[in-house]
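User: Please take a close look at one part of this structure, the protein surface around the RNA strand. What is it made of, and where are the contacts?

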Amino acid sequence: MNSTLHTIRCQFNQAMVTQFGEHLAGTDPLLVPASHPKFGDYQSNIALSLAKQLGHPPRTIAQQLVHQLTVDGELAKICEPPAIAGPGFINLRLHTPYLEQQLQAIQAHPRLGIPLPSHPQPIIVDFSSPNIAKEMHVGHLRSTIIGDSIARILEFQGHHVIRRNHVGDWGTQFGMLITYLREVCPQALTTADAIDLGNLVTFYQQAKQRFDTDEAFQHTARTEVVKLQSGDPHSRIAWQLLCEQSRREFQLIYDWLDICIEERGESFYNPFLPNVVAELEDAGLIVKDAGALCVFVDGFTNKDGDPLPLIVQKSDGGFNYATTDLAAIHYRIQTEGATRIIYVTDAGQSHHFAHIFAVAREVGWLNDSIQVVHVPFGLVQGEDGKKLKTRSGETIRLKDLLDEAIARARTDLITRLKAEEREETDEFIQVVSRSIGLAAVKYADLSQNRTSNYIFSFDKMLDLRGNTAPYLLYAYARIQGISRKGNIDFTRLPNGIQIHLQHESELVLTRHLLQLDEILSEVERELLPNRLCHYLFELSQKFNQFYDKDRGCPVLTAEEPLRTSRLIICNLTARTLQLGLSLLGIPVLQRM
RNA sequence: GGGUGCGUAACUCAGCGGAUAGAGUAGCUGCCUUCUAAGCAGCGAGCCGCAGGUUCGAUCCCUGCCGCACCCGCCA
């Protein structure tokens, strides 16, 4: 909420200095959300941690701090008198008039009280990154969804974000594919769309198999890459045709998922690759080993415990992904001026990125003013706990996966409509089932801590109960239902009027509403969208408790001025849900 | 063999060095002459993998071990 925590922190700091001396200036007062609602909103654990240093019992320290805070007086504008509990916790409870005033403030604020940063940063988010000549499959799901959400959050926070699709459009696989196509389907190399993408994928698999087993083929393929990389016109035309075809296919998926991303494939960096090697050479980092040009940095060893090289130029003269990734870092920093680069790829690549970053640091492209991070995520597993595959053991195409989610959402919806004897248009059914299906897939992914593997289950993600997209969307739709029922235009509710918080459930709800800014800055820092999901889930639960006819409080049937006050709370909840979901890449529904 | 990540309720998962470790599902029990029950309230369910260590305090940090997953020289 509008800097509440910041204000409290300052007050604590001041009190610490006044009571215990200047050396405590800037010491973190260890303010955290209360561990249990009965303790209030926040707690400071500082007294416990200062006990040893100051040589006093923690409760005495807490008493001195509370005394000083009371004398200073500022805190009383926000909180009820601080309470000391247990071994020396200082518990803080925001008082109701402050909550009422804060709600009023965010109601009038288009960003719900979230401030813009004073120093917006240029940030590159590198995500999705499918490979040309392959279809997008389940392996691209997490990078695409998590990367998009991170980009949305950073954009909302006011940063200048470049969403970057580092597609695999270069390298050995193309030599392989072109060589193979020349044998089995030469027209594909000269005519647009001579074969459909499904076949292209099959050809790719066959080419890969040949490459792995046939040495002569492997050699020809490698030569083909070198030809392509050196600009041979026939190779380039073939390559462009393949890229164009894949690109259209990717775009279809991105349109479905409402993902905006700018393609800049590996090939873009081709002209810069020799220079990368040259700069490494100039820095004295290049070592020739078995014909390949390598860089050795401390801390990287292979399975025998020997130093592990980063190969930047292969013995055949070709460059590889390490070279490309280095060129990309260089370009992103030098030319694009990025101060933060975020790579959203699977956890299996951690080692590779650590290696690349270490070399970039060694050569001096990276320094402390630039933050380069790998944001790893775990595998998508089937319900058997193994890597998600079709029954026949093939990789699942992303398109099929999304189709199935939508189809299942549609079946659920139709069953529900029948049970409730509702009549809806075909268009409604189509829009709603599509929206729920896609939202469910996205939310299921985002709501897990990204670092662990997660088990993919259509049944769980489409469940109308629990921490799922449908539950959150329903909470939103319920609120819109209030506006329809009461003929109330939420956008025309009066601004700046006194909010009244009386009922326990509305206090609980509004306390939660006012925590959005803390959650968002945490998510920005940790790059963990599941924290936002958790927040929104709790918000939905708290709304449903507030709206419950037994234990909650009446809204439409309440007397003024409570009625308007509660309608404002409803609308603030809806706006918060809508904003939060939008940051996850999920649009809301008015009815469902 | 080395490296990285993970081991928390029957299942799927949260958990920020702090108080009695939390959700959701599943199971059981209540609440619809309705501000949409797709909801709400409640009950039971835990050696937080094991063993040490650091700390006033450890599910969280460190070390070792066990189990699982992924990575480990010219693919990306």
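Analyst: What follows describes the surface near the RNA strand.

This is a predicted model, in which local features need pLDDT of at least 70 and side-chain atom pairs count only at pLDDT 80 or more, while totals for chains, interfaces and linings use all residues. Residues are numbered from 1 along each chain as its sequence is written, chains are lettered from A and ligands numbered from 1 in the order in which they are written, and side-chain values use heavy atoms, with hydrogens and water left out.

Around RNA strand B there are 67 residues (a residue is near a strand if one of its heavy atoms lies within 4 Å of it). Those that come nearest are Lys 52, Glu 266, Lys 314, Tyr 321 and Tyr 474. By class, this surface has 24 nonpolar, 23 polar and 20 charged residues (Ala, Val, Leu, Ile, Met, Phe, Trp, Tyr, Cys and Pro count as nonpolar, Asp, Glu, Lys and Arg as charged, and the others, Gly among them, as polar).

Several helices and strands (DSSP runs, H or I of at least four residues and E of at least two, numbered from the N terminus) each supply at least two residues of the surface, including helix H2 (46–54), strand E9 (292–301) and helix H19 (529–547). The largest share, 7 residues, comes from H19.

Gln 541 has a polar side-chain atom 3.4 Å from a phosphate oxygen of RNA strand B. At Leu 556, a polar backbone atom is 3.4 Å from a base oxygen. Of the RNA atoms within 4 Å of the protein, 59% belong to sugar or phosphate and the rest to bases.

Technical notes:
Polar contact = N/O pair within 3.5 Å; in protein donor to acceptor, adjacent residues only side chain to side chain.
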